[in-house]
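Student: I have a new chain on my screen and would like to walk through it with you. Could we go question by question?

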Amino acid sequence: MFFVDKRQVQKILDVAIFDRWGNRVYYVSQKAIEPEISIWDGGVQLPGLYLYTAVLELVNGDRQEVSGSVHLIK
């Protein structure tokens, strides 16, 4: 789940999630902004640590890339 400040972020341009070997396991683009955004439910992936990258479009028109990790627990 992404928590986004609508005062700063206009939209999510894309989100990619990768497994520990660098394989992309999920991708979505042009996601609408909501107070709490459910992006990925884990699908058929095994529990474990995954990495994500996201490109955000800010309200001033700039783009910002963010990245981090998410621990999938089932």
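Student: In the hairpin of E2 and E3, which residue takes a positive phi?

Tutor: This is a predicted model, where local features need pLDDT of at least 70, side-chain atom pairs count only at pLDDT 80 or more, and totals for chains, interfaces and linings use all residues. Residues are numbered from 1 along each chain as its sequence is written, and side-chain values use heavy atoms, with hydrogens and water left out. Strands are DSSP runs of E with at least two residues, helices are runs of H or I with at least four, and both are numbered from the N terminus. Five residues lie between strands E2 and E3 in this hairpin, and the one with a positive phi, near 90 degrees, is Gly22.

Student: How many bridges pair E2 with E3?

Tutor: Two strands pair if DSSP finds at least two bridges between them. Across this pair, Ile12 faces Lys31 of E3, and Ile17 faces Tyr26 of E3. Strand E2 covers residues 9-18, and its antiparallel pairing with E3 has six bridges.

Student: And which residue takes a positive phi in the hairpin of E5 and E6?

Tutor: E5 and E6 run antiparallel and are joined by ten bridges; in one of them, Gly48 has Leu72 of E6 as its partner. The hairpin leaves four residues between the strands, and the positive phi, near 95 degrees, belongs to Gly61.

Student: Which strands stand at the edges of the sheet?

Tutor: The open sheet has four strands in the order E3-E2-E5-E6, with antiparallel pairing. A single partner strand is all that each edge strand has, so one side of each is left without a neighbour in the sheet; these are E3 (24-31) and E6 (63-72).

Student: Is Arg7 buried or exposed?

Tutor: Arg7 sits in the loop between strand E1 (2-3) and E2. Its C-alpha is 8.7 Å from that of Leu58, although the two are 51 residues apart in sequence. Because its relative accessibility is 69%, Arg7 counts as exposed.

Student: Where in the chain is confidence lowest?

Tutor: The score here is pLDDT, the predictor's confidence in each residue, from 0 to 100. The chain averages 86, and 91% of the residues score at least 70. Strand E5 (residues 48-58) has the highest mean, 93, while the lowest, 62, is in strand E4 (residues 36-37).

Methods:
Buried means under 20% relative accessible area, exposed over 50%, partly exposed in between (1.4 Å probe, protein chains only).
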